[in-house]
Amino acid sequence: MSFKAPRGTVDQLPGEVEKWQYVEDNIRAVCRAFNYGEVRTPIFEHTELFRRGVGETTDIVEKEMYSFRDRGDRDITLRPEGTAGAVRAFVEHKYDKQPLPTKWYYMGPMFRYERPQAGRMRQFHQFGIELLGTKEPAADAEVIALALEVGRALGLTQLRTEINSVGCHVCRPVYREELIAYYTKHKDALCPDCLARLHRNPLRLLDCKKERCRAISKDAPSILDYLCDSCEPHFAAVQAQLKAMDIPFVVNDRMVRGLDYYTETAFEIVGEGLGAQASTIFAGGRYNNLVREIGGDDLPGVGFAVGLERLLLAMEKEGVQIPSAVGIDCYVVAIGKATDDKASALVQTLRQNGFRTERDYMARKMKGQMKAANRLNARTVAILGEDELARGTVQVKQLASGGQEEVPVDNLVHYLQQCLEQEEQ
Ligand code: ATP
Ligand code: MG
């Protein structure tokens, strides 16, 4: 019998994994500049956390979670997103009682039972941030600015930022009723999903991708006409902040996020070149009720999450060149059985001095070992034959220039250092 990785998962192999590391390194550098600290929460949580935190009427909770009972009969779910866990940790460790705001980022695998396709996996990877404890419009703007900075650092130029306000507990109920009334008039034309959600979560109807529903949504009332005396100026102030930072954006009053916890600002950053099924790269917004909902103080938050698969797809589409991992520093070529121990000792010394070093483990002849060195893109080879062994030396060859010199073993580290420095100039 042969095994395959489960549907919707991939192996990240050497050669490919360097791209991931490049993305992750850039993300960490941006988080550092914006002063966000990393939080690592468990991969699984109590199912109830997501029911509460993400919301009963969302796609995630309704049909995408990997849930199971563990051997102690606990109801457990592999995390489908990062915010619920981060906010749970924030409350559990009493960050809500400490000086605010709290600025956290997370990065790692998430799990959703979806139909796999490009940019849509069952185990996928998200980077996200949470800025907790402030209602200031500058916070909303900072979160959007950080997302765009990640895009910029990764060389993406075809990004479109869409923002909206989804209101609060004061204005949303009024708008909700208006929406229900509007869609009820068009009930017969709605898709079964929308019909089922009409009373439970009417805002989601604006988001339906089906042609007929979209046509109906065109003339639906706009939330922006219903924003209350607190949401309306907040949304205006967020826009003023973005303009002050020279961040281009468009207001899209049909954009509502799929997660129930959002209040006020919602935003998406879309890759212009990506297919319609997976074009949203970054998605986020403000969630002013979530901390309280999860048992903490009544504190606001704002954040986003981005799929790393989609970031990489967007980079590929835009032809971003990822600096390739250069070759190894030195390949130790050992000729003859008698040199074997000394070769291992040399390799050990070079590695301990920070040189990326390799040797032969397949009992290859000289020619085979030189071939292997070339395949690994070695910058130098150190050749150890029985004569050199007797003299306490090695022949060092620089593969780029072809230059070769006999070097005392004791001086090898110093000599290699000079070779590599010269090459870099
Ligand atoms: P979509 O409408 O594409 O299903 P969503 O509303 O479910 O997205 P969020 O839960 O807001 O997405 O997640 C934020 C980001 O995480 C998405 O914009 C996307 O980049 C990424 N993402 C979400 N689900 C997946 C998945 N199954 N595979 C890969 N990336 C994903
Ligand atoms: Mg989804």
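**Entry 1**

I began with the open sheet of eight strands, whose order is 1-5-6-11-10-9-7-8 and whose pairing is mixed. Strands here are DSSP runs of E with at least two residues, helices are runs of H or I with at least four residues, and both are numbered from the N terminus. I counted two strands as paired if DSSP finds at least two bridges between them. The edges are formed by strand 1 (37-38) and strand 8 (250-251), each of which pairs on one side only.

The model is predicted: local features need pLDDT of at least 70, side-chain atom pairs count only at pLDDT 80 or more, and totals for chains, interfaces and linings use all residues. Residues are numbered from 1 along each chain as its sequence is written, chains are lettered from A and ligands numbered from 1 in the order in which they are written, and side-chain values use heavy atoms, with hydrogens and water left out.

I then followed the pairings within the sheet. Strand 5 (residues 102-111) and strand 6 (residues 123-132) run antiparallel and are joined by 10 bridges. Within this pair, I found Gly108 bridged to Gln126 of strand 6. Strand 6 also pairs with strand 11, in the antiparallel sense, over seven bridges; here Leu131 has Val302 of strand 11 as its bridge partner. Strand 10 and strand 11 are likewise antiparallel, with five bridges, and Arg286 stands opposite Val302 in strand 11.

**Entry 2**

I looked up how far strand 11 (residues 301-307) is covered, and found seven of its seven residues buried. Buried means under 20% relative accessible area, exposed means over 50%, and partly exposed lies in between (1.4 Å probe, protein chains only). In a regular strand, side chains alternate between the two faces of the sheet. Gly301, Gly303, Ala305 and Gly307 point one way from strand 11, Val302, Phe304 and Val306 point the other way, and all are buried.

Helix 9 (residues 231-244) lies across strand 7 (159-165), strand 8, strand 9 (263-271) and strand 10 (280-286), and runs at about 160 degrees to strand 7. For such angles, axes are lines fitted to C-alpha atoms, for helices over the stretch in contact, and the values run from 0 to 180 degrees between N-to-C directions. Contact means heavy atoms within 4.5 Å.

I next examined an open sheet of three strands with the order 2-4-3 and antiparallel pairing. Strand 2 (44-46) and strand 3 (66-69) stand at its edges with a single partner strand each, so one side of each is left without a neighbour in the sheet. On average, neighbouring strands of this sheet are turned by 30 degrees against each other, direction ignored. Strand 2 is joined to strand 4 (residues 75-78) by three bridges in an antiparallel arrangement, and Phe44 has Leu78 of strand 4 as its bridge partner. Helix 2 lies across strand 2, strand 3 and strand 4, at about 80 degrees to strand 2.

Arg52 is found in helix 2 (residues 47-54). Is Arg52 buried or partly exposed? I recorded Arg52 as partly exposed because its relative accessible area is 45%. Arg52 and Gln404 are 352 residues apart in sequence and 68 Å apart in space, C-alpha to C-alpha.

Arg197 lies in helix 7 (residues 192-197), and counts as buried because its relative accessibility is 12%. Leaving aside neighbours within four places in sequence, I found Arg197 in contact with Thr57, Asp59, Glu62, Lys63, Pro202, Arg204 and Leu205.

**Entry 1. Strand 12 and its partners**

Strand 12 (residues 330-334) has five of its five residues buried. Cys330, Val332 and Ala334 lie on one side, with Tyr331 and Val333 on the other. Strand 12 runs parallel to strand 13 (residues 357-359), joined by three bridges, and Cys330 stands opposite Thr357. Five bridges join strand 12 to strand 14 (residues 380-384), also in parallel, where Val332 stands opposite Ala382.

I noted that strand 12, helix 12 (residues 340-352) and strand 13 make a right-handed β-α-β unit. The crossover is called right-handed if, with the strands pointing away from the viewer, the path from the first strand over the helix to the second runs clockwise.

**Entry 2. The whole chain**

Finally, I noted 15 helices and 16 strands in the protein chain. Of its 425 residues, 50% count as buried.
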